[in-house]
Amino acid sequence: MGADTETQPLCLRFTKTATARAAARPKESLLRPPDLAQWLLAAGLGEQLPGVDEELLREARELREAIYRAARAVADAVPPAGADRDRINAWAGRNDAFRVLDGTGAAWRFPGASPARSALAVLAGDAVETLGGVRPGTVKVCAGTGCVAVFLDTTRGRSRRWCSMGTCGNRAKKDAMRVRHER
Ligand SMILES: [Zn+2]
């Protein structure tokens, strides 16, 4: 994962657990409950692998798709669908997590019965901030061929076109070079 992906808001990084969304068969990274547990841990949403069952995995994917569709709407400057807003808001309202200072920075604490559920609530809250305009930046859809990932453009001139310079940006640069070469 490139540095530019790391600085993306958590909720948009979460939407990238499904890729190639424009393809007939999008690529799903959250196939089994442990996939979600590992993603949450890697994203800093927990100190140890949280418990995830099939039901929570299904709910997580539903939340993720609601966030993705709402982000697409925001990128297109139209209001997100009511059902997507309701789902995101319901999850955001369940947030019982908080952050504490640890030795090197800030760490999440999940005092509730299900740390994974609390982590999803954190992701929903992050979506409210990111898509609700609280966070500075412009929500955009990646210009990479077949990518359609959403990202937050925080460049000064709002000139960013790709979800990641390491993948889509690089590919576009190579394609442009090849076109020049073939002429
Ligand atoms: Zn992309």
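Let me start with a term: a residue is buried under 20% relative accessible area, exposed over 50%, and partly exposed in between, using a 1.4 Å probe and protein chains only. Ala77 is a case of the exposed kind, because its relative accessible area is 71%.

Now the ground rules. This is a predicted model, and residues are numbered from 1 along each chain as its sequence is written. Local features need pLDDT of at least 70, side-chain atom pairs count only at pLDDT 80 or more, totals for chains, interfaces and linings use all residues, and side-chain values use heavy atoms, with hydrogens and water left out.

Confidence next. pLDDT is the predictor's confidence in each residue, from 0 to 100. The protein chain averages 92, and 96% of the residues score at least 70. Residues 1-5 have a pLDDT below 50. Beyond near neighbours in sequence, that stretch has seven contacts in the model. A contact means heavy atoms within 4.5 Å. Where pLDDT is low, the predicted coordinates should not be read in detail.

On to the metal. Which residues coordinate the zinc ion? Cys142, Cys147, Cys163 and Cys168, each through SG, at 2.3 Å. Donors here are N, O and S atoms within 2.8 Å of the metal, or 3.2 Å for Na, K and Ca; water is not among the atoms, so sites may look incomplete. The spacing in sequence is C-x4-C-x15-C-x4-C. The angles between the four donor atoms run from 103 to 114°, so the arrangement is tetrahedral. For the record, four donors count as tetrahedral if all angles lie between 85 and 135 degrees. Four count as square planar and six as octahedral if opposite donors are over 155 degrees apart and all others between 65 and 115; anything else is irregular.

Cys142 is buried, because its relative accessibility is 6%. Cys147 is buried as well, because its relative accessible area is 14%.

The UniProt record, an unreviewed entry, places "domain: Zinc finger CGNR" at residues 139-181. UniProt positions follow the numbering used here, feature names are shortened, and annotations may be inferred rather than shown by experiment. That span is 40% helix and 16% strand. Its end C-alpha atoms lie 34 Å apart. Helices (H or I, at least four residues) and strands (E, at least two) are DSSP runs, numbered from the N terminus.

Now the strands. β5, residues 138-141, pairs with β6 in the antiparallel sense over four bridges. Pairing requires at least two DSSP bridges between two strands. Val141 stands opposite Val150 in β6. β6 itself covers residues 150-153. In a regular strand the side chains alternate between the two faces of the sheet. In β6, Val150 and Leu152 on one side and Phe151 and Asp153 on the other are all buried.

β3 (residues 98-101) and β4 (residues 106-109) share four bridges. A hairpin of four residues joins β3 to β4. Phe98 stands opposite Arg109 in β4.

Arg109 takes us to Leu45. The two are 64 residues apart along the chain, yet their C-alpha atoms are separated by 8.3 Å. Leu45 sits in the loop between α3 (33-42) and α4 (54-75). Is Leu45 buried or exposed? Buried, because its relative accessibility is 2%. Beyond four places in sequence, Leu45 has contacts that include Leu10, Trp39, Trp108, Phe110 and Val122.

α3 has its own buried residues: Pro33, Asp35, Leu36, Ala37, Trp39 and Leu40. Their cover includes α2 (10-15), α4 and α6 (115-131). Just after α3, Gly44 takes a positive phi of about 85°.

Glu59 is buried, because its relative accessible area is 15%. Leaving out residues up to four places away in sequence, Glu59 touches Trp91 and Arg117.

Last, the backbone. Most residues other than glycine have a negative phi, and most peptide bonds are trans. Ala77 has a positive phi of about 60°. Ala77 lies in the loop between α4 and α5 (82-92). Arg158 also has a positive phi, near 50°. Arg158 lies in the loop between β6 and α7 (165-182). Arg158 is partly exposed, because its relative accessible area is 35%.
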